[in-house]
Amino acid sequence: MEVKIFIDNYREAFGESTPLPIVFWYSDTPVSELQKVNGCFFKCFTDVRTGITRILDAETISCGSGKLYTGFSEMPERVPIFVSLKEKYKQTPEMVVEYVQELGMPLSGKPYLTFSRIDRIDSFEDKEGFSSLLPRMYSPVLQPGPILIITTREPYLPFLVRVVVLWYHRR
């Protein structure tokens, strides 16, 4: 499907005021300049939602959890404690370790991860997936609405997806 047709269908289904999805993919070369993200790499999504493409690699992500979630590194020793005691995504550090081991998250295999608003790409070729915030009417329980994430990559992106959902709903 062509990107323009997808956008037209998306806007027809969810309305003109619904933010466009964010597309993500790995590559061997950056499509633009890299910028360091201090703290959680989700901070860069503010730029992406406004139309600025952001490229990350192992050096631009300062968060050990972020490097793990994106497949740029193995799990650092401090992550299970941080994820359980600080972020409270799991009850104990052991539960974090067990969960990550069950997922069997591979390293990315490519050095760059790009996030771009869908209207900033030319095609879906080589794209890993996309995510979008849907209007509240699609889920009256979630504020402002559910996060729709479509991905083609297994097995570790489901972990990243869960982290995005948890982060969004804890804001």
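Both F6 and Y10 are buried, where buried means under 20% relative accessible area, exposed means over 50%, and partly exposed lies in between, using a 1.4 Å probe and protein chains only. The two residues form an aromatic pair that is stacked, with 5.9 Å from centre to centre and 25° between the planes. The rule here is that rings of Phe, Tyr and Trp (its six-membered ring) pair if their centres lie within 6.5 Å; planes under 30 degrees apart count as stacked, over 60 as edge-to-face, and the rest as tilted. F6 and Y10 both lie in helix α1, residues 3–14, and they are four residues apart, about one turn of the helix. An α-helix has 3.6 residues a turn, so residues three or four places apart point the same way.

Before I go on, a word on what we are looking at. This is a predicted model, in which local features need pLDDT of at least 70 and side-chain atom pairs count only at pLDDT 80 or more, while totals for chains, interfaces and linings use all residues. Residues are numbered from 1 along each chain as its sequence is written, and side-chain values use heavy atoms, with hydrogens and water left out.

Now the whole chain. Its secondary structure comes to six helices and five strands, and along the sequence the pattern reads α-β-α-β-α-α-α-β-β-β-α. Helices (H or I, at least four residues) and strands (E, at least two) are DSSP runs, numbered from the N terminus. Of the 171 residues, 47% count as buried. Contact means heavy atoms within 4.5 Å. Among contacts with a separation of 6 or more, 65% come from residues 24 or more positions apart.

Back to the rings. How many aromatic pairs are there by the rule? The count comes to seven.

A charge counts as over a ring if NZ of Lys or CZ of Arg is within 6 Å of the ring centre and within 35 degrees of the ring normal. The charged end of K90 sits over the ring of Y99, 4.2 Å from its centre. The charged end of K127 sits over the ring of W25, at 4.4 Å from the centre.

Y99 takes us to helix α5, residues 93–103. Which residues of α5 are buried? They are P93, V96, Y99, V100 and L103. These residues cover an arc of only 125° around the axis, which puts them on the same side of α5; the arc is that of the directions from the helix axis to the C-beta atoms. The face turned away from that buried side carries the exposed residues E94, Q101 and E102. Just after α5, G104 takes a positive phi of about 60°.

Next, charges. Side chains of opposite charge can pair when their charged atoms come close. A salt bridge is a side-chain nitrogen of Lys or Arg within 4 Å of a carboxyl oxygen of Asp or Glu, and by this rule there are four. D47 and R54 meet at 2.8 Å, N to O; D47 is partly exposed, with a relative accessible area of 25%, whereas R54 is buried at 7%. R117 and D119 meet at 2.7 Å, N to O. R117 counts as buried at 15% relative accessibility, and D119 as partly exposed at 31%.

Last, a serine. S27 lies in strand β1, residues 22–27, and is buried, with a relative accessible area of 11%. A polar atom of the S27 side chain lies 2.7 Å from the backbone oxygen of T29. What does S27 contact, leaving aside its neighbours within four places in sequence? The residues are K110, P111, Y112 and T114.

Methods: A polar contact is a pair of N or O atoms within 3.5 Å; within protein, one must be able to donate a hydrogen and the other to accept it, and residues adjacent in sequence count only if both atoms are side-chain atoms.
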